[in-house]
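Please go through the model below. The report that follows covers charge pairs, the helix, the core and the surface.

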Amino acid sequence: MESYKYFIGVGGIIENDNRFLLVEEANGPLKNKWGFPSGLVNNDETIQKAIERELFEETGLITKLNHIVFIGNLLDSRWHRPELYIGCKLETPQNLIINL
């Protein structure tokens, strides 16, 4: 039986008044596609740190993980490897209102 290294991906969900924050991919196979801010977990970080880092890198927002919404898996992700994907609900600071 062949074994595979799984990538762990995280996606951030920020919702305001039933509207969701999306970003446009600038590079890679999903270039010009819109989706939730997302990325891979580095070997030296937790899921919480990874999603908060990704949100900051892609949006400039400082966020805090609220809870995990879903966990899924892709057998052939855009990196051509199996991926475990974790969707995370995030909160912004209480005094920050995002106009989406």
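## Salt bridges around Arg53

Glu54 forms a salt bridge with Arg53, with the closest N and O atoms 3.0 Å apart. This is a predicted model. Together, Glu45, Arg53, Glu54 and Glu57 are linked in a network of salt bridges. The count of salt bridges comes to 4.

How exposed is each member? Glu45 is buried, with a relative accessible area of 17%. Glu54 is buried too, at 8%. Glu57 is exposed, at 52%.

Glu57 and Arg53 both lie in helix α1, 4 residues apart, about one turn of the helix. An α-helix has 3.6 residues a turn, so residues three or four places apart point the same way.

## Helix α1 and its cover

Helix α1 covers residues 47-59. Just after α1, Gly60 takes a positive phi of about 80 degrees.

The buried residues of α1 are Ala50, Ile51, Glu52, Glu54 and Leu55. Their cover includes β1 (7-13), β6 (38-40), β7 (64-74) and β8 (83-91). Glu54 sits in this helix. Leaving aside neighbours within four places in sequence, Glu54 is in contact with Val10, Ser38, Gly39 and Leu40.

## Fold and core

The protein chain has 1 helix and 8 strands. Along the sequence, the pattern is β-β-β-β-β-β-α-β-β. Of the 100 residues, 30% count as buried. Among contacts with a separation of 6 or more, 59% come from residues 24 or more positions apart.

The largest nonpolar core has 11 residues: Val10, Ile14, Leu21, Val41, Ala50, Ile51, Leu55, Leu61, Ile86, Cys88 and Leu90. The elements that give two or more residues to this core are α1 and β8. Which residues does Cys88 touch, leaving aside neighbours within four places in sequence? Cys88 is in contact with Gly11, Gly12, Ile13, Ile47, Ile51, Leu65, His67, Ile68 and Val69.

## Surface

The protein chain exposes about 7000 Å², and carbon and sulfur atoms supply 53% of that area. Phe20, Leu22, Trp34 and Phe36 make a nonpolar surface patch of about 420 Å². Trp34 is placed in strand β5 (residues 34-35). Trp34 counts as exposed because its relative accessible area is 57%, and exposed means over 50%.

Leu75 is found in the loop between β7 and β8. Is Leu75 buried or exposed? Leu75 is exposed, with a relative accessible area of 66%. Leaving aside neighbours within four places in sequence, its contacts are Tyr6, Arg81 and Pro82. Leu75 and Tyr6 are 69 residues apart along the chain, and their C-alpha atoms are separated by 9.1 Å.

How values were computed: Residues are numbered from 1 along each chain as its sequence is written. This is a predicted model: local features need pLDDT of at least 70, side-chain atom pairs count only at pLDDT 80 or more; totals for chains, interfaces and linings use all residues. Side-chain values use heavy atoms; hydrogens and water are left out. Patches are made of residues with over 30% relative accessible area and no salt bridge: like charges are joined within 9 Å, nonpolar side chains (Val, Leu, Ile, Met, Phe, Trp, Tyr) within 5 Å. Accessible areas come from the Shrake-Rupley method with a 1.4 Å probe; for residues, only the protein chains shown count as cover. A salt bridge is a side-chain nitrogen of Lys or Arg within 4 Å of a carboxyl oxygen of Asp or Glu. Buried means under 20% relative accessible area, exposed over 50%, partly exposed in between (1.4 Å probe, protein chains only). Contact means heavy atoms within 4.5 Å. The expected span of a helix is 1.5 Å times one less than its number of residues. A nonpolar core is a set of buried Ala, Val, Leu, Ile, Met, Phe, Trp, Tyr and Cys residues joined through side-chain atoms within 4.5 Å.
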